[in-house]
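Dear colleague,

Please find the structure below, handed over for your own work. My findings follow it.

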Amino acid sequence: MEAYKKHESIAALMNRSNVDTDQIIPKQFLKKVERSGFGVHLFHDWRYNDDGVTENPDFELNKAAFKGAKVLVVGDNFGCGSSREHAPWAIADYGFNTIISTSYADIFYSNCFKNGILAIKVSPEQLAALMDEINANEGASFVVDLEQQQVTTPAGNGFKFEVDPFRKDNLLGGFDDIGLTLKQGAEITAFEEKHKQNFPWLWA
Amino acid sequence: MKKTMYDKIWDAHFVCQADGQAPLLYVDRHLMHEVTSPQAFEGLRNANRKVRNPHSILATMDHCVPTKNRDLPIADPIARKQIETMAENCAENGLNLYDMESPDNGVIHVVVPEHGFVHPGMVVVCGDSHTATHGAFGALAFGIGTSEVEHVMATQTLPQQKSKTMLVKVEGTLSKHCTAKDIALAIIGVTGTAGGTGYVMEYAGNAIEALSMEGRMTVCNMAIEAGARAGMIAPDQKTFDFIEGKEFAPKGEQWDQAVSYWKSIVSDEGAEYDTVLTLKAEDISPQVTWGTSPEQVVGVNEVVPAPASFTDAGKSLACEGALKYMDLEANTKMTDINIDYVFLGSCTNGRIEDFRDAAQMAKGTTVAQGVTAIAVPGSFHVKIQAEKEGLDKIFIDAGWEWREPGCSMCLAMNGDELKDGQRCASTSNRNFEGRQGKGGRTHLVSPAMAAAAAAAGHFVDISKIG
């Protein structure tokens, strides 16, 4: 996984709540056996006209001011529904590496951090201020500094944010989660031996 | 300290916590299907890692499989490749796979309990959000992403943060024709789709205890639709009776040992939960969703709500958007909404009890003109059992299509889908925009409600049927 670095990027706005993973990446694109190439299908049903090819000019992310954005500002409960990791794969492949919302569905939240995406939680008031700022100045760039846990915006709506220390370290270091866990190999083996004795029927 | 069932299962699976890392939780059972696993196997191969405990895995093919003409090759070459990849990955790693030709094939969350593969007290994961189904057995079962599928294959553990706990009590007796599905939808109507975020829900109360294992699976299945990490129900004699004698059930002396352990994992009397929610079973009427989120649900005897009826601005806006997508007018009676399609099946309502409920309602009826109704058993075992009981004849005589098992129109990956603008009464779990086909409009209901709607061509208040 690529290490997450401090960056200044356009923040795109999607003022929609309860955006589910079926919208982020519709089911017809889940048949591939690869991890790559999902960006072109991100928000497919909203993003394209009925021909599935030409862009729907009414869809937020198709605005010229939001092209090249790395930061996505969205409404509450983003990523609810299906566990499909194709959703963060599509988001990352499209070019986003940061999401700002009040809340995320649990599985989606975890999936983001496994794919180099920083999912930031803010209060409803902070989110409203950020949305107002983007609405007033489409194409505004935010500075996201994970190390300092700080977002800075041109109009001064910047804020500090919380993130689990281990998620932060893994993102900053671009670490392989499995590699980290395998360092606990001895503990896992010892636990497994004890577990086998306690619950022999699990191995019968 | 008094512990909840969740605390006890967590403690029994806590491996260790390294400095600066999340706690590692041991995983007993890993369930798989073709959609969320290929990239995990590829990752494993690229890192030159092996599957640690092949015996902990049970795999099936369900999302992409056709529900008719199963003897023909899958027409969609990308779906075919995914199915073939699943078979190759399972063969390469020595995994137990119920492939398309297997008599044990079916939807993962239907076939796993049929074989007694999940027991009380286990930690169970699957790259599928409806894994919570298995919480019906008193297991901690939750959905994971593909990176986590790879993580579990390689390490048999997952880094996890402990969730908060919510006790959802449903007390009283359900009215006639009200089912586990109505309980599940009514709960989501109260919590909303984000109300359970960060929580593990434990369902309790005498209305839950009175449910069959199939009904309990339906309730736990939809925990994710309330945003919960998992849903669970304390194991009891019904649970033990369901598991006993099945292929992966403990045998002989180990059975007694296991039952005695299972009895010990229920929540202690007086254990504290972070949140408690209580519903009265008598207040639950047959439920129907009207919008594009499972929380947008009302009783069938009610009307489509108006955006102005919501005090929350976000919910009001969501209502407006949903009415537009669903092509519904506020204040329309739910029973005045006409349908084009009926889907009976899925991991929510694809079990034998669901087919019995629907057949009882379909018996002697005829599918309304212009309506297509399909019955898709959750597994071959469900299909064969239903055929033994003559349920297939009831459906066929009423004008339904009797299909082969699979996920089918729950998520419409296999070619079974709605056309733009079609409206469906569906026993599945999600009514998201486009879920059953681009432009398709989904109303979630119970099997009995679906069957009644098939015959009438519109929703019916089945509580008025004797």
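Two residues are taken to be in contact if their C-beta atoms, placed from the backbone, lie within 7 Å. The model is predicted: local features need pLDDT of at least 70, side-chain atom pairs count only at pLDDT 80 or more, and totals for chains, interfaces and linings use all residues. Residues are numbered from 1 along each chain as its sequence is written, while chains are lettered from A and ligands numbered from 1 in the order in which they are written.

On confidence, the predictor gives the complex an ipTM of 0.94 and a pTM of 0.96.

At the interface, 46 residues of chain A are in contact with 56 residues of chain B. On the side of chain A that touches chain B, two or more residues come from each of α1 (21–24), α4 (106–113), α6 (165–173), α7 (177–182) and α8 (185–198) of chain A. The largest share, five residues, belongs to α7(A).

Within chain B, helix α16 (residues 447–456) is mostly covered, with nine of its 10 residues buried (20 or more other C-beta atoms within 10 Å of the residue's own, these atoms being placed from the backbone). Its buried residues include B:Pro447 and B:Met449. They pack against elements of chain B, among them β13 (287–289) and α13 (352–362). Just after α16(B), B:Gly457 takes a positive phi of about 85°.

With kind regards

Key
Helix = DSSP H or I, 4+ residues; strand = E, 2+ residues; numbered from the N terminus. Buried ≥ 20, exposed ≤ 12 C-beta atoms within 10 Å, placed from the backbone.
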